[in-house]
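Open your viewer and get ready to select a few things in turn.

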Amino acid sequence: TRKDLLGRVWVTGFVFTRCAGACPVMMSKMYGLHKAFPQVTYVAFSVDPAHDTPEVLSAYVKNNSLPAEWLFATGTYDQMQSLAKDGFKLSMGPGSRPEEPIIHSDRLIVIDRYGRQRGSFTTADMDGMARLEETLKRVLAEPSIPVTKLPTVNAFLNGFAGFWLIVGLIFIKAKKPGAHKACMLAALASSAAFLVSYLTAHHFLGSTPYRGQGALRTVYFTILISHTILAALVVPLALVTVYRAFRADFARHRAIATWTFPIWLYVSVTGVVIYFMLY
Ligand code: HEM
């Protein structure tokens, strides 16, 4: 899946083993790329899944002396069509001649380490391939942030925030305002770091759909929606709470903190719960 290829730069195209037209050209162009850029992962999707069983595909790799590490992927015809059209914005449809049962695009696509498509290039002319190589060089030179680890980092930051909130409350109950202040500022720092890390993860990874069914699904969405609304509310609440504390306006600090504390704790804890329900 797309997730398995995160962290790797890959080049992909849609082909099929019975194809006599564009596919051999695409395969030879891919082979040329493989020689020039061995660090790239090459993935071919079959547009003829009824014929291209895993056995047929591995025989095809052998007969054409293709590199064994290339990935060949197949699915149902509908899955392939939706992947080509919706996923990669490529044309694909039934052909009219028996020797060309399926019409498909001759383009190769470059995908970066974060699963983003960086361009589709025709294999029919030299110009397309030159532009592809240029794009590939640029994408390979980009820094590799381990974004796939970010959701775990986020869960930890939420957990830290919750932890410091509780310890901070214990300190103020024990009449230790200095320690209370330190803990609450640590909670604030954890939540601020979470916000940055969350936005970075969202930018690169998009949102992760929840796959559970039944009652658990209802539970998940109830938690997610309440978490999101209250998370937005926590930002002004926390800022006003800290502001009042710094102005030594402790009576009013205490008044708003009675709201800030439980809402913030709920947001932090449900952040961790959401992580465990998703991953
Ligand atoms: C945004 C983070 C903070 C939260 C959520 C928070 C929360 C609270 C809560 C819930 C109380 C009432 C405790 C009780 O039931 O007795 C309280 C009291 C207090 N907080 Fe904070 N606090 C925060 C930041 C701070 C900071 C930064 C300071 C110091 C500059 C501070 C100083 C105090 C003091 C002195 C009290 C005692 C007020 C009184 O009882 O008159 N707090 N805080």
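A polar contact here is a pair of N or O atoms within 3.5 Å; within protein, one must be able to donate a hydrogen and the other to accept it, and residues adjacent in sequence count only if both atoms are side-chain atoms. Keep in mind that this is a predicted model, where local features need pLDDT of at least 70, side-chain atom pairs count only at pLDDT 80 or more, and totals for chains, interfaces and linings use all residues. Residues are numbered from 1 along each chain as its sequence is written, and side-chain values use heavy atoms, with hydrogens and water left out.

**Stop 1: the ligand**

Select His180 together with the ligand: a polar side-chain atom of His180 is 2.8 Å from a ligand nitrogen. Next, pick His253, where an N or O atom of the side chain lies 2.7 Å from a nitrogen atom of the ligand. Then try Lys173, with a side-chain N or O atom 2.7 Å from an oxygen atom of the ligand.

Which elements give two or more residues to the shell around the ligand? They are α5 (150–173), α6 (177–205), α7 (215–246) and α8 (250–278); helices are DSSP runs (H or I, at least four residues), numbered from the N terminus. Colour α8 for the largest share of the shell, five residues.

Now show the whole shell: 15 residues surround the ligand, and the closest are Lys173, His180, Val242, His253 and Arg254. A residue counts as near if one of its heavy atoms lies within 4 Å of the molecule. Coloured by class, the shell has nine nonpolar, three polar and three charged residues.

**Stop 2: the two domains**

Select 3–141 for domain 1 and 147–278 for domain 2, bounds that come from an automatic or database domain assignment. Their centres, taken over C-alpha atoms, are 44 Å apart. Four residues from domain 1 and six residues from domain 2 make the contact, meaning heavy atoms within 4.5 Å.

The two domains bury about 420 Å² between them, with 68% from carbon and sulfur atoms; this is the accessible area (1.4 Å probe) that two parts lose on being put together, summed over both. Finish by selecting Leu6, Tyr114 and Arg116, which supply 83% of the area that domain 1 buries against domain 2.

Key: Ala, Val, Leu, Ile, Met, Phe, Trp, Tyr, Cys and Pro count as nonpolar, Asp, Glu, Lys and Arg as charged, and the others, Gly among them, as polar.
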